[in-house]
Amino acid sequence: MATSSINVPSAGPAEASRSFLSRLRDGDEIARLVTFIFAASVVLLTALLIYELWIASPLPRQKFGLAFFVTKLWDPVADQYGALAFVYGTVATSTVALLIAVPLGIGAAIFLAELAPQKLSDPLQFFIDLLAAVPSVIYGVLGVFIVIPLMRSVIAPVLKTTLGFLPPFQGPAYGVGVLTAGIVLAIMVIPYIISVSREVLLSVPRDQREAALALGSTRWEATWKVVVPFARTGIMGSIFLALARALGETMAVTMVIGNTPTISSSLFAPGYSIAAVIANEFTEATGDLYLQALIQLGLVLFLLTFILNGLARLLMLLTASRGGGTGRA
Amino acid sequence: MKRLSGLLVLAFALAGVAIAQSGLLINGAGATFPYPIYSKWFDEYHKSSGAQINYQSVGSGAGIKQVTEGTVDFGASDGPMNDEQLKAYRTKNGTGILHFPTVLGAAVPTYNVPGVTGSLNFTPEALAGIFLGRISKWNDPAIANANKGVNLPANDIVVIHRSDGSGTTYIWTDYLSKVSADWKEKVSKGTSVNWPVGLGGKGNEGVTGLIKQTPNSIGYVELIYAAQNKVPFGTVKNSAGTFVKADLASVSEAASGASKTMPEDFRVSITNAPGKNAYPISSFTWLLIPEKFKDAAKRDAMKNFVKWAITDGQGDAEALSYAKLPKEVVDKELKALSKVQ
């Protein structure tokens with residue numbers, strides 16, 4: 001008490017202790033209110049964003065209606081716009097990215113949190129955090145100078161000879177394309193998955209591990225059957241974060257995807273993502289319909305993020321109830 | 001504390017007054033292509049006249065939009081405003097808007113064909129065919145006949161274009177629309193178009209990067225970019241039948257070739273212009289200036305600037321790789337300047 005009254009200058013000692021108590025009580029109220037406003041502002045901001053995107057794009061809604069979502073023609077000269085090719089490009093690149101990044105990321109996180117000695121784990125974590133902070137244009141440059149040539153000379157030929165009987169691995173490989181964009185995105189989101197998953201794994205209570213070991217499981221069994229299921233929710237959270245970043249990534253994707261609004265069964269074919277087309281065409285978009293079609297694409301990206309996040313959450317609920325059951329048994 | 005903030009407010013107020021008094025502030029926005037020379041011009045003009053011109057290089061489309069909405073005093077564009085846009089301007093502002101060409105630019109074909117080191121010649125038919133996807137091999141007769149003695153491989157051509165909306169794309173597609181009826185019908189011209197074939201690269205650097213990395217590719221970049229970065233590029237056959245390599249002289253010649261048929265409002269495309277040595281894929285870039293200014297001081301400063309830029313200011317152009325306006329066009333513009341009131 002004595003030390004806290006020092007922090008209240010300009011008031012007498014007796015009054016200070018009384019006002020301190022009452023202010024504490026008031027402070028609770030204030031803190032509750034202030035933090036509530038902060039929390040509510042997030043919801044408000046989201047609602048405002050959707051509202052703004054909605055009212056700024058009436059023309060394409062009137063002209064194309066739902067056809068906007070199912071046509072893939074994007075012709076600014078003829079004023080014909082459809083989102084399908086961009087939706088495909090966005091979903092396809094993000095899916096490829098997660099397919100690569102999730103196993104790698106979670107594997108690395110398990111190693112860092114459970115298996116690696118601290119001497120190795122801490123410096124590695126430092127580099128991973130550093131990777132997460134690298135601006136995306138740097139990853140784009142990496143994609144242009146390393147992944148694209150590698151794709152053309154090594155990855156694509158190898159995939160063609162091994163998996164060439166599958167449609168996604170057929171057709172000419174230019175170097176740029178959906179697969180290249182997916183790989184660059186995977187490199188970008190892996191640090192997020194590792195960082196968050198490692199934190200979550202480290203925060204699993206010690207007794208969980210010890211109990212498993214005491215029951216006679218090996219170290220790996222304790223990790224895989226007890227620690228990882230316990231941390232499942234947090235690991236899923238890291239994947240959401242990765243998905244969100246992959247869906248909205250603009251600069252690195254536009255540098256390696258080929259920027260062609262097509263839908264092809266081949267992953268080597270060029271594609272186009274929603275974020276990339278908005279960034280590319282917004283500044284030079286003349287004509288109201290054109291501009292509003294781009295804004296509506298922004299709305300589509302927003303919805304897509306919602307839907308994919310919802311699906312991922314649903315998946316988590318389904319697997320969590322199952323996984324939790326076996327974990328407890 | 002209170003006194004300190006009071007002082008600060010006073011200081012800012014005084015600074016504001018000082019800025020306002022030292023000279024006029026004119027705001028403009030638009031094309032990125034002429035930005036290097038515009039910023040040099042605005043800087044020099046500020047030193048000589050005291051009037052300050054702020055310019056945001058946000059792109060031609062945004063420039064047209066902002067000047068129409070009245071958020072800036074003037075715009076700038078690599079493609080002339082179309083009739084619809086002019087009408088929109090008139091309805092919104094109750095007055096017209098004028099186009100003033102300032103300098104010239106060009107788009108050049110650049111390529112990466114293994115085994116070919118020299119400059120390639122392109123006929124209009126070959127360029128249109130390649131970009132339509134009809135000519136798909138480098139050894140196609142349409143290309144080979146114009147390049148006798150060059151060993152062209154039988155490889156598939158990879159077309160590379162700009163992915164971002166751009167004045168360079170406008171010039172390129174405007175040219176292809178003029179030389180190919182098919183192109184005009186199927187694709188037409190614009191800052192972004194629905195490309196029949198090819199990959200998109202962002203910006204001149206994106207296109208150049210993709211071409212360097214992709215064997216058997218062809219694309220187009222701005223002449224200035226190609227010149228400054230030593231990107232090799234080919235010649236194009238002009239309407240007089242000569243294969244012309246783009247440079248400042250051949251681009252200026254395209255402008256003087258077209259100046260005889262120059263309309264009063266300067267909204268003219270000079271692609272495929274007549275003239276023996278005229279480079280056919282050239283274009284003006286324009287300042288968009290309202291016919292009526294509310295503020296007389298701003299109007300006078302703006303008129304003085306345009307007058308200076310198209311006469312003395314042209315001396316700066318070639319050092320920055322822009323082609324100068326031909327004299328006929330300058331004379332015509334000086335006359336047109338009196339329309340700004």
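Student: Since the model is predicted, where do I start with chain A, and what is its average pLDDT?

Tutor: Start with the predictor's confidence in each residue. Chain A averages a pLDDT of 87, and 89% of the residues score at least 70.

Student: Which stretches of chain A have a pLDDT under 50?

Tutor: Residues 1–9 of chain A stay under 50, and the model has eight contacts for them beyond four places in sequence. Residues 323–329 of chain A are also below 50, with four contacts in the model beyond near neighbours in sequence.

Student: How many helices and strands does chain A have?

Tutor: You'll find 14 helices and two strands in chain A. Of the 329 residues in chain A, 37% are buried. Now take the contacts in chain A between residues at least 6 apart in sequence: 76% of these join residues at least 24 apart.

Student: Let's look at two helices. At what angle do α5 and α11 of chain A pack?

Tutor: For a helix pair, look at the angle, the axis distance and the residues that meet. Helix α5(A), residues 84–115, packs against helix α11(A), residues 232–248, at an angle of about 145°. Their axes are 9 Å apart, and the crossing is right-handed.

Student: Which residues meet there, in α5(A) and α11(A)?

Tutor: From α5(A) come T90(A), S94(A), A97(A), L98(A), A101(A), V102(A) and I106(A). They meet I235(A), I239(A), A242(A), L243(A), A246(A) and L247(A) in α11(A). By class, that contact has 11 nonpolar and two polar residues, with no charged ones.

Student: And how do α9 and α10 of chain A pack?

Tutor: Helix α9(A), residues 206–214, and helix α10(A), residues 219–230, pack at an angle of about 145° with axes 9 Å apart. The crossing of α9(A) and α10(A) is right-handed. Here Q208(A), R209(A), A212(A) and L213(A) in α9(A) meet E221(A), A222(A), V226(A), V227(A) and F230(A) in α10(A). The residues of this contact divide into six nonpolar, one polar and two charged.

Student: On to the interface. How many residues of chain A are in contact with chain B?

Tutor: The size of an interface is often given as the accessible area lost when the parts come together. Here we count residues instead: 22 residues of chain A are in contact with 29 residues of chain B. On the chain A side, β1 (74–75), α7 (136–163), α12 (251–256) and α13 (274–281) each supply at least two residues. The largest share, three residues, comes from α7(A). By class, the side of chain A that touches chain B has 11 nonpolar, eight polar and three charged residues.

Student: Now strands. Is β11 of chain B buried or exposed?

Tutor: In a regular strand the side chains alternate between the two faces of the sheet. So check both faces. In β11(B), S282(B), F284(B), W286(B), L288(B) and P290(B) are buried on one side. On the other, S283(B), T285(B), L287(B) and I289(B) are buried as well. Nine of the nine residues of β11(B), 282–290, are buried, so this strand is largely enclosed by the rest of the structure.

Student: Which strands join β11(B) by bridges?

Tutor: Strands of a sheet pair through backbone hydrogen bonds, either parallel or antiparallel. Strand β3(B), residues 74–77, pairs with β11(B) in the antiparallel sense over three bridges. Strand β4(B), residues 97–112, also runs antiparallel to β11(B), joined by nine bridges. Look at L287(B): A76(B) stands opposite L287(B), and L287(B) is also the bridge partner of F100(B).

Student: What is the strand order in the open sheet of three strands in chain B?

Tutor: The order is β5-β9-β10, and the pairing is mixed. The edge strands β5 (121–122) and β10 (243–244) of chain B each pair on one side only. Strand β9(B), residues 235–237, runs antiparallel to β10(B), with two bridges joining them. In β10(B), F243(B) is the bridge partner of K237(B).

Student: One last thing. Where does S188(B) lie, and what is its phi?

Tutor: S188(B) lies in the loop between α8 (181–186) and β7 (199–201) of chain B. Its phi is positive, about 70°, although S188(B) is not a glycine. With 17 C-beta neighbours inside 10 Å, S188(B) counts as partly exposed, because that label covers counts between the exposed limit of 12 and the buried limit of 20.

Conventions: Residues numbered from 1 in each chain as written. Chains lettered and ligands numbered in written order. Predicted model: local features only at pLDDT ≥ 70, side-chain atom pairs only at ≥ 80, totals over all residues. Contact = placed C-beta atoms within 7 Å. Helix = DSSP H or I, 4+ residues; strand = E, 2+ residues; numbered from the N terminus. Nonpolar A, V, L, I, M, F, W, Y, C, P; charged D, E, K, R; others polar. Pairing = 2+ DSSP bridges. Axes fitted to C-alpha atoms, helices over the stretch in contact; angles between N-to-C directions. Left-handed = near helix turned anticlockwise from the far one by under 90°. pLDDT = per-residue confidence, 0-100.
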